[in-house]
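Keep the viewer open as you read.

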Amino acid sequence: MALDDLYREVILDHYTHPRNKGTLADAEIKVEGANPLCGDELGIYVHLADGKVASVRFEGRGCSISQASASMMTEMIKGKTLTQVHALVEQFRAMMHGGAASEDDLGELMALQGVRKFPVRIKCATLAWVALDQGVEEFQATRGKVEAKASSDK
Amino acid sequence: MLADTLRADFPLLSRSVHGKPLVYLDNAATSQKPRRVIDALVRYYSDYNANVHRGIYAIAEEATRRYEESRAKVAAFVGARRPEELVFTRGTTEAINLVAYAWGRANVHPGDEIVLTEMEHHSNLVPWQLLAAQTGAALKFIPFDGQGVLQLDAFERQLSERTKLVALTHVSNVLGTINPVREIAARAHAAGAKVLIDGAQSAPHMPVNVADLGVDFFAFSGHKMCGPTGSGALWARYEILEAMPPFHGGGEMIMLVQLESSTYKDPPHKFEAGTPNIGDCIAWGEAVDYLQAIGLDAIRAHEVYLTSYTLERLSEVPGLVVYGPRDLTRRGGVISFTLDVAHAHDVAQVLDQEGVAVRAGHHCTQPLHRRLGVSATSRASVYLYNTERDIDALVRGLHAVRKLFSPRPTPVHQA
């Protein structure tokens, strides 16, 4: 088990220079995620236009894996429809739980594959994704502004 | 140094992890076990495994004798007046729950108050939350200051005739603070309240005498003091135990059982329903012998020295913040810290790769961490077998963490 598998350069880059950090006043989807086990907390804000993710921000604190994963996620979902977002979340979760992963779909998220070798850290990687998925789901159920709270993957 | 001669007693300390010698610095979670404790456990199962207080045959009598001898050793270890004041439990958590259920339900009423502190482990917080919810009692919390020291003037104001119990930790499992238990107990008693001490982090590391502390209940664990997991105890003054209703009902704790009612044995057996944890409790007695042969004063002195060395070495690491008192006479060998460049989990992960075992997270003290304004800390905690070399390895590991998480050049593709 080499540490390099966990802390890939792209992860450290996103951790030290998080993309889309902050909040959005006009977010239709606002969701909080928490991992009670380690105290990681984050908030995700999604603003939609024409049924697609127009802008997205995240805020919070946590370990390098949870923060880098959230940062990468914000980059990946921009311009996608909510159906596409949900599909991406499913692909990502499948990869983190040992399923096959395609670089065409997941891009630099593939870097998080190494986390699988460190089982206690998998929840760190999925934290933002579980929260986003719950926010999307609740938005679709209500078709209005939603504020949701999610806890990390079981 | 004390540890140099003792290390060989602990088989596990000679192993390596990830190709590096193991540096075990998570003693606040559990301690390692000396060979003689492991042997005592094996001896019970291979030589005289039998249920206690029942069989009229040789090995049952031997098991009973050794189990009760162990009780006497553990009781004397904390200064009990008699062995019957010591109830074996699975650990500190069960001991505190025993008081919350058996004593609490009988003695705490609506409008009563229980005073805790902001630095309690969840095991000395959640049982009281449950009791308060059941009985309509209220909880109050003694705050701590920037050095992690309890503010006794606030405590004084919280005490009243409504206060039924003051329950606090002897030594904080995060800040390392040694609380002024004797003084707090005296003030609590003056207000007519009982006093419970969570001794999980004190009993293994310093001389403890319950009479000297002047407390009513003292809960502690065997596995943090070289004993097996699943061994723990509640000490309480005999009159209190005698007046308390039972905790668990079942075999072993009864005198006469009829279909509608039963009468109970005297303490401590009243509180030990069912087959107890015989082997672990006997082996815990062996751990007590081991620690007493070394001397708790010597162990405390070793830890004071090592804590001072650790604090000094950690001050060399840029961006590192240590929590808790600076005054070594007021702190134990639990050292929690944060590092600016990396989250506690990342710190622990990198240290693990260097063979260094520390704890990362909230250490079962979420309110305390909220009070500190951090979501997680890393924690190194020392014991009798740790050396300066262990601390040197920790510091080397922390420099490796800093290097790995040092700021990257700003990416060109950033929006």
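Two strands pair if DSSP finds at least two bridges between them. Helices (H or I, at least four residues) and strands (E, at least two) are DSSP runs, numbered from the N terminus. This is a predicted model, in which local features need pLDDT of at least 70, side-chain atom pairs count only at pLDDT 80 or more, and totals for chains, interfaces and linings use all residues. Residues are numbered from 1 along each chain as its sequence is written, while chains are lettered from A and ligands numbered from 1 in the order in which they are written.

With that in hand, look at chain B. Strand S14 (residues 334–339) and strand S17 (residues 377–381) of chain B run antiparallel and are joined by four bridges. Two residues are in contact if their C-beta atoms, placed from the backbone, lie within 7 Å. Helix H12 (residues 344–353) of chain B also packs on the sheet, touching S14, S16 and S17 of chain B, and its direction makes about 160° with that of S16(B). The whole sheet is open, with four strands in the order S13-S14-S17-S16 (chain B) and antiparallel pairing. Its edge strands, S13 (320–322) and S16 (359–361) of chain B, each pair on one side only.

Now turn to chain A, which has six helices and four strands. From the N terminus on, these elements run α-α-β-β-β-α-α-α-α-β. The C-alpha trace of chain A spans about 45 × 30 × 30 Å along its principal axes.

Where do the chains come together in a core? Among the 163 residues of the largest nonpolar core, Ala128(A), Leu234(B) and Trp235(B) touch the most other members. Such a core is a set of buried Ala, Val, Leu, Ile, Met, Phe, Trp, Tyr and Cys residues joined through C-beta atoms within 7 Å; buried means that 20 or more other C-beta atoms lie within 10 Å of a residue's own. Helix H6 (residues 122–142) of chain A gives this core its largest share, 11 residues.

How values were computed:
A residue is buried if 20 or more other C-beta atoms lie within 10 Å of its own, exposed if 12 or fewer, and partly exposed in between; C-beta atoms are placed from the backbone. Axes are lines fitted to C-alpha atoms, for helices over the stretch in contact, and angles run from 0 to 180 degrees between N-to-C directions.
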